[in-house]
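Subject: Structure handover

Hello,

Here is the structure for you to look through. My notes follow below it.

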Amino acid sequence: GKEVWRFHTIPRPGEEFGDTWEKDAWRERGGANPWAGFTVDVDNGILFCATGSAGPDFYGAGRKGDNLFANCVLAINARTGKRIWHFQTLHHDLWDHDNPCPPVVSSMKMDGRDVPVVAQVTKTGYCFILERLTGRPVFGVKETPAPPSDVPGEAASPTQPVPVKPPPFSRQKVDEAQASDVSPEIHRAVLAQLARLRHDGPNAPPSERGTVITPGFHGGATWSGASFDPVRGVLFINSNDAPYVGTLKRMKEGHYEPTGYSYFRDGVPVGPEREKAGGQQGGYPGIKPPWGLLNAIDLSRGDFAWRIPLGEFPELTAKGVPQTGTENFGGTIVTAGGLVFIGGSKDEMFHAFDAESGKLLWQTRLPAGGYATPCTYRVAGKQYVVIAAGGGGKERTKSGDSFVAFALGND
């Protein structure tokens, strides 16, 4: 029961990288918490975690600087608590783009040898592949110019890190060319919204006018993270393309506060048909489909093995709209038999995909949305897969209280 060590993710006086914050930030600011959990390299005794954004969210005038160790991948000596290395995935976060899941301990082939790595998927829609022992980005990272803030007192970072490979698994900008075209009515409505809002991303900061930000506060990747197939060297990650509008309001005290978590929807009223089919207030996402994807990333190539839309809106499918995917919560598992299982989609389906090709092999409707990562287990020589079908939550579909298990086999 005795505490062995403690690591401060916001440096205390005299600790390294305290100069990436304003004075006394450790006393007055919060965040930078590894809320997503941990992974461990047992052989090398390294504890890995990924940290959240600095507080307060969205307006950082009182925390100028890069704000280490917020939005970082951290490698810590598991026995001593000493930092081995860190890598910051986003500087001076103004978007609630905290890292939502721990790094995946994995490996990849490079020049004929196995290279131990960790793969960090992010809300920003990037996958950072880092050497496990050093934190060096395997394919390199470029510091890319980012738009300045137009809010008084704010000092957005002039650059943001972008991996050379793999490519982003979520779109980085919403502009007129990306305006939803599900119907002419929707397209006109989205263009009218864009004309009123700031939309000069990637990494355009929140504003008093309102800024269209993608990926949204739910990613990109979410807290369910990714799964890794060590035989194929492939990482599986489900992702969202659901932009939001970041708006700040000036308060009497002179500082700014966000007006709330607002999706960037198409704005077309939700009628009975859309309500019944699970449409959300304000309509569908204002960006062109797909709105949810299942991605397979070949780590050694630093590129996609395949990508497919995940989920559908039945009322759009009935109108001849190609499968759009839906915002999804709940991750993947991959089995030695080459199956990728995932629920997550708003249409409440549970799916099995071929790990090699991404082909849908089987799906079934759950009693409520499976917004959780499934697990697999074996009893008396028979393999099962089970998922919690709790529904509700951020998808706002009907709630449930079931665990649903399926047996694997040919019968």
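Helices (H or I, at least four residues) and strands (E, at least two) are DSSP runs, numbered from the N terminus. This is a predicted model: local features need pLDDT of at least 70, side-chain atom pairs count only at pLDDT 80 or more, and totals for chains, interfaces and linings use all residues. Residues are numbered from 1 along each chain as its sequence is written, and side-chain values use heavy atoms, with hydrogens and water left out.

Overall picture

The protein chain has four helices and 25 strands. Its radius of gyration is 22 Å, close to the 22 Å that the globule rule gives for 411 residues, so the chain is as compact as a globular protein of that length. That radius is taken over C-alpha atoms, and the rule is 2.2 Å times the number of residues to the power 0.38. Along the principal axes, the C-alpha atoms fill a box of roughly 65 × 55 × 45 Å.

Of the 411 residues, 54% are buried. Buried means under 20% relative accessible area, exposed over 50%, and partly exposed in between (1.4 Å probe, protein chains only). The accessible surface of the chain is about 17900 Å², and carbon and sulfur atoms hold 52% of it. Areas come from the Shrake-Rupley method with a 1.4 Å probe; for residues, only the protein chains shown count as cover.

Contact means heavy atoms within 4.5 Å. Among contacts in the chain with a separation of 6 or more, 56% are between residues 24 or more positions apart.

The loop between β2 and β3

Asn 67 sits in the loop between β2 and β3. Asn 67 is buried, at 1% relative accessible area. Leaving aside neighbours within four places in sequence, Asn 67 contacts Thr 20, Trp 21, Ala 54, Gln 88 and His 92. Its C-alpha atom is 19 Å from that of Pro 152, 85 residues apart along the chain.

Phe 58 is also in the loop between β2 (46–50) and β3 (72–77). Phe 58 has a positive phi of about 75°, though it is not a glycine. Its relative accessibility is 8%, so Phe 58 counts as buried.

Other backbone points to check

Most residues other than glycine have a negative phi, and most peptide bonds are trans. Asn 203 has a positive phi of about 65° and is not a glycine. Asn 203 lies in the loop between α2 and β10. Asn 203 is partly exposed, at 22% relative accessible area.

Lys 165 and Pro 166 are joined by a cis peptide bond, with omega about -10°. Pro 166 is in the loop between β9 (159–163) and α2 (184–196). Phe 169 is found in the loop between β9 and α2. Phe 169 is buried, with 0% relative accessible area. The C-alpha atoms of Phe 169 and Ile 237 are 8.8 Å apart, across 68 residues of chain.

The peptide bond from Gly 219 to Gly 220 is cis too, with omega near 20°. Gly 220 is in the loop between β10 (211–213) and β11 (227–229).

The second largest pocket

This pocket holds about 250 Å³ of space. Its lining has four nonpolar, three polar and five charged residues. Among the lining residues are Arg 6, Phe 7, His 8, Glu 15, Phe 69 and Lys 82. On a 1 Å grid over the protein atoms alone, a cavity is a set of points where a 1.4 Å probe fits but cannot get out; a pocket is an open set with protein on both sides within 12 Å along at least five of seven lines, and lining residues have an atom within 4 Å of a point. Grid points are joined across faces, edges and corners, and a volume is the space filled by probe spheres set on the points. Ala, Val, Leu, Ile, Met, Phe, Trp, Tyr, Cys and Pro count as nonpolar, Asp, Glu, Lys and Arg as charged, and the others, Gly among them, as polar.

Best wishes
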